[in-house]
Amino acid sequence: MRYCARELRYRAGGRLLLDGVSLSLEPGQVHALLGPNGAGKTTLLRLLAGEQRPESGSIELNARALASLGARELARQRAVLPQVHGLSFAFTGAQVVALGRLPCARHAPAREAEIVREALELAGVGALAERSYPTLSGGERARVQLARVVAQVWEPLSDGVARFLLLDEPTASLDLAHQHDCLRAVRELARRGLGVLVILHDPNLALRYASRATLLRDGRMLATGAPEEVITAEALEQLYGVPVRLVRANGELPVVTVCDPPKPPREPGRSTH
């Protein structure tokens, strides 16, 4: 059981946004997707989510064509966290998370409340359960929304059908500590058997938390594989167009640092004073 995209091609507004992209998400893994702005990362996530249809190529979820799944069945197998959260109603944090339970098999109210509480705790926002959502900071809203999509796929499905999370830049509005809290929660969900696709901009986060990584540039795959194999200085320079180096100390994971650009040569005979 896996989420599999093969040779996806997608065009919009006369522009080719994805060209021949293949990707496989496995239960129990965190798969990081990295690339510069405009690389096609969000487009790929929307195709995987079933929100858009590819021009060509195929997508299968748990050995079935994605297009053959009904909305409720799809919602129980995969949950999607977009970049923008447009909710403005005066719901509490717990009520927002409970929205994620709408496509799920319903339990007694006490059990549903317990799932909501556990999802909030996993996302690190248990204290926001009774807070009004519109009064929360951007980072607090982002973590409540993470709890919502987690609640949507909280329970195992029958017949061993795998569950997946598609997360579009979940760390974008978070401070340093909460970025790591968020990805520790994501890794815990993978440990429980979920497959996760997470779009990231920081290669250091991908090196630390991902099981696999895919680099996307101009709608094409640059590399895919184990993070330490594909997140190299050469690949990152090709991806982002800036000089970088990877520093490793005392057997720790490598750390990506951006190098100062080389200084232009001084013109002959020109004084620096």
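Which kind of link do the side chains of arginine 111 and glutamate 155 form? They meet in a salt bridge, with N and O 3.9 Å apart. This pair ties together distant parts of the chain: arginine 111 sits in helix H4 (residues 109-122), while glutamate 155 lies in the loop between helix H5 (138-152) and strand S7 (164-168), 44 residues apart. Please keep in mind that you are looking at a predicted model.

**More about the salt bridges**

Arginine 111 has another partner as well: glutamate 118 forms a salt bridge with arginine 111, and the closest N and O atoms of that pair are 3.9 Å apart. Arginine 131 and glutamate 140 also meet through their side chains in a salt bridge, again with 3.9 Å from N to O. Salt bridges that share partners join Arg101, Arg106, Arg111, Glu112, Glu114, Glu118 and Glu155 into one network. The count for salt bridges comes to 19.

How covered are these residues? The table gives the relative accessible area of four of them.

| Residue | Relative accessible area | Class |
|---|---|---|
| Glutamate 118 | 23% | partly exposed |
| Arginine 111 | 27% | partly exposed |
| Glutamate 155 | 22% | partly exposed |
| Arginine 131 | 34% | partly exposed |

The mean positions of the 34 positive and 29 negative charges are 2 Å apart.

**The chain as a whole**

Now let us step back. The chain holds nine helices and 12 strands. Its radius of gyration is 21 Å, close to the 19 Å that the globule rule gives for 273 residues, so the chain is as compact as a globular protein of that length. Along its principal axes, the C-alpha trace spans about 85 × 45 × 40 Å.

What share of the 273 residues is buried? Buried residues make up 45% of them. The chain exposes about 13700 Å², and carbon and sulfur atoms supply 50% of that area. Contacts also reach across the sequence: among those with a separation of 6 or more, 64% are between residues 24 or more positions apart.

**Helix H1**

Helix H1 covers residues 41-49 and is mostly covered, with eight of its nine residues buried. The buried ones are Lys41, Thr42, Thr43, Leu44, Leu45, Leu47, Leu48 and Ala49. Just after H1 comes glycine 50, which takes a positive phi of about 90°.

**A closer look at cysteine 182**

Our last stop is cysteine 182, found in helix H6 (residues 176-191). Is cysteine 182 buried or exposed? Its relative accessible area is 6%, and under 20% counts as buried, so cysteine 182 is buried.

Which residues touch cysteine 182, leaving aside its neighbours within four places in sequence? Cysteine 182 is in contact with Leu146, Pro170, Thr171 and Leu174.

Methods: Residues numbered from 1 in each chain as written. Predicted model: local features only at pLDDT ≥ 70, side-chain atom pairs only at ≥ 80, totals over all residues. Heavy atoms only, no water. Buried < 20%, exposed > 50% of the residue type's maximum accessible area, 1.4 Å probe, protein only. Helix = DSSP H or I, 4+ residues; strand = E, 2+ residues; numbered from the N terminus. Rg over C-alpha atoms; globule rule 2.2 N^0.38 Å. Contact = heavy atoms within 4.5 Å. Areas by Shrake-Rupley, 256 points an atom, 1.4 Å probe, with all protein chains shown as cover. Lys, Arg positive; Asp, Glu negative; His and termini not counted. Charge placed at Lys NZ, Arg CZ, Asp CG, Glu CD. Salt bridge = Lys/Arg side-chain N within 4 Å of Asp/Glu carboxyl O.
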